[in-house]
Amino acid sequence: HGFGCCVVVGVLPQGRAKQYGKAYVDGVEFRNCGQGGFTSNRDPRYVFVFKDGLSEMGGSYVHRSSINVGFNTGFGALNTDGVEFSDNVVYQSIGATYKIRGNENVLKDNLGVRTMSIQLARPADNHAVDFPATFEVNGKGNLLVGNAAAGYQRIGFMYPGESCVDGVAPSADQALFWNNTAHTGMTGLVVMGLSEACSAA
């Protein structure tokens, strides 16, 4: 129990060159997938993850797909830019439901339900301090529009905010985070600090 399939779209070294994977996923259900306890970014055992693709995996996407019980993070993009997750549904993840570590990725019209911390999912591991967000995003230029976090234990959205130019918040047509909802959880939105002078969410 807690040990299911993982899909990793990654990089294959070929001599001095590298072969970057791409994926175009539409209408797929992942059931009882992911591998619990493997949380390192070097060896993520998420249900589905784009890993170390930089901008080479740009254009890849996961559309209209679902995760029906995940034993780790649901969908992820680590050190990867320009991928899209849209119209997806995840029911139950241990750790973040959608985890992005990269730039200019798109999360649009996705639903995450029942995001659990490791303490709740596996009480024997209660020494771990874990505050997962349903949507956990870090990087620049990531677009989050029309997403919903429901029934999460800790945080609905964790987002770095948006940089301001000369102390002025972006206009509505330039905003990267809008029309997202969070309910039935402890904290709706956590805005992480930026190195720039100000941040607006």
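My entries follow, topic by topic.

**Ground rules.** I am working from a predicted model, where local features need pLDDT of at least 70, side-chain atom pairs count only at pLDDT 80 or more, and totals for chains, interfaces and linings use all residues. Residues are numbered from 1 along each chain as its sequence is written, and side-chain values use heavy atoms, with hydrogens and water left out.

**Cysteines.** I looked for disulfides, taking a disulfide as a pair of cysteine sulfur atoms within 2.5 Å. The count came to one. Cys5 is joined to Cys33, with 2.4 Å from S to S. Cys5 sits in the segment before β1 (7-9), while Cys33 belongs to strand β5 (residues 29-33). The two are 28 residues apart, so I noted a link between distant parts of the chain. Strands here are DSSP runs (E, at least two residues), numbered from the N terminus.

I then checked the handedness. The torsion about the S-S bond of Cys5 and Cys33 is about 75°, so this disulfide is right-handed.

Next I asked: is Cys33 buried or exposed? I call a residue buried under 20% relative accessible area, exposed over 50%, and partly exposed in between (1.4 Å probe, protein chains only). Cys33 has 4% relative accessibility, so I logged Cys33 as buried. Cys5 is partly exposed at 39%.

Cys6 is in no disulfide. Its nearest cysteine sulfur is that of Cys5, 6.6 Å away. I logged Cys6 as partly exposed, with a relative accessible area of 27%.

**Sheet.** I traced an open sheet of six strands, with parallel pairing, in the order β4-β7-β10-β13-β16-β20. Two strands pair if DSSP finds at least two bridges between them. Which strands stand at the edges? They are β4 (24-26) and β20 (177-178). Each has a single partner strand, so one side of each has no neighbour in the sheet.

I looked at one pair inside this order. Strand β10 (residues 84-86) runs parallel to strand β13 (residues 106-108), and three bridges join them. Ser86 is opposite Lys108 in β13.

**Asn142.** I found Asn142 in the loop between β15 (133-138) and β16 (143-145). Asn142 is buried, at 1% relative accessibility. A polar atom of its side chain lies 3.3 Å from the backbone nitrogen of Glu104.

I also listed contacts, meaning heavy atoms within 4.5 Å. Leaving out residues up to four places away in sequence, Asn142 touches Ile100, Gly102, Asn103, Glu104, Asn105, Val137, Tyr159 and Leu176.

Technical notes: Helix = DSSP H or I, 4+ residues; strand = E, 2+ residues; numbered from the N terminus. Polar contact = N/O pair within 3.5 Å; in protein donor to acceptor, adjacent residues only side chain to side chain.
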